[in-house]
Amino acid sequence: MNAKKWDKIATATLYTIASIIVLILASLLIYILVRGLPHVSWQFLTGKSSSYQAGGGIGIQLYNSFFLLVITLLISIPLSLGAGIYLSEYAKKGRMTNFIRTCIEILSSLPSVVVGLFGYLIFVVQFEYGFSIVSGALALTVFNLPQMTRSVEDSLRNVHHTQREAGLALGISRWETVLHVVVPEALPSIVTGIVLASGRIFGEAAALIYTAGQSAPALDWSNWNPLSVTSPISIFRQAETLSVHIWKVNSEGTIPDATQVSAGSAAVLLVVILIFNLSARTLGKKLHSKLTSA
């Protein structure tokens, strides 16, 4: 065979592999949505879950998922941004930097259940936070910090060195160059990484089973005392999230319509994660166009 035939065979093979991957993903999405969306209604999205009766909703679990996501991002964004800036702009090549990057790689490869057990031993037991949103948020920070740090570092490294040289040539300091030139240039990629991490945080279950708890107590929406366990803004209350609720419903099976509840919850979870991923791409493109006038 000549080179052109081999090229056609290789191209056809790659297209076939890509088509199989897309087909598997599409089949999975269609199966979950077709099976779950018929059970989704406004009452289902806003109603209170039930442990023994049919017809329960996921209102509190859905709110807990978003609230836990916000608290986790408030903790992890400053840490990942600072660590990424240090590794990209200030860290010198050497044993210490290599050790830090090795630690990040090891942390990023840890199973979520191991992070959950770590969070249980440290935040729930040792720090005596108990099963709470703050324990879950700290565990999720440990779980997602390596990925977010690497995303920030890669985004900053992709900024061309001439941008830094231009800032320094204007007489501004290195820190001001990073803050006012490099970070704005890398902002679209950073935001994309954060939104993608948000989808991962929203769908996490194993780490939260051991930290945020497996119950969703009723909330008093008129109580805005952050120290009260019935307040919707309290970070010291148990908070069963949507992903944990799916696991709990399937594992316990104490309600008659457990299959319908888990299918509807899975469909809602999938739709929200898809929105996060699509929003990341759209927001990144818009930010890039606005900041670069492209």
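1. H7 covers residues 161-169 and H8 residues 174-202; helices here are DSSP runs of H or I with at least four residues, numbered from the N terminus. The two pack at about 140°, with axes 9 Å apart. Axes are lines fitted to C-alpha atoms over the stretch in contact, and angles run from 0 to 180 degrees between N-to-C directions.

2. This is a predicted model, in which local features need pLDDT of at least 70 and side-chain atom pairs count only at pLDDT 80 or more, while totals for chains, interfaces and linings use all residues. Residues are numbered from 1 along each chain as its sequence is written, and side-chain values use heavy atoms, with hydrogens and water left out.

3. On the H7 side, Gln163, Arg164, Gly167 and Leu168 make the contact; on the H8 side, Arg174, Thr177, Val181, Val182 and Glu185 do. Contact means heavy atoms within 4.5 Å. These residues divide into three nonpolar, three polar and three charged (Ala, Val, Leu, Ile, Met, Phe, Trp, Tyr, Cys and Pro are nonpolar; Asp, Glu, Lys and Arg charged; the others, including Gly, polar).

4. The largest cavity is lined by Ser65, Leu68, Leu69, Leu140, Ile201, Phe202, Leu208 and Thr241. A cavity is a set of points on a 1 Å grid over the protein atoms alone where a 1.4 Å probe fits but cannot get out, and lining residues have an atom within 4 Å of a point. H3 (59-90) and H8 each give two or more lining residues, and H3 has the largest share, three residues. The lining holds six nonpolar, two polar and no charged residues.

Note on methods: 1 Å grid on protein atoms, 1.4 Å probe; cavity = no way out; pocket = protein on both sides within 12 Å on 5 of 7 lines; lining within 4 Å.
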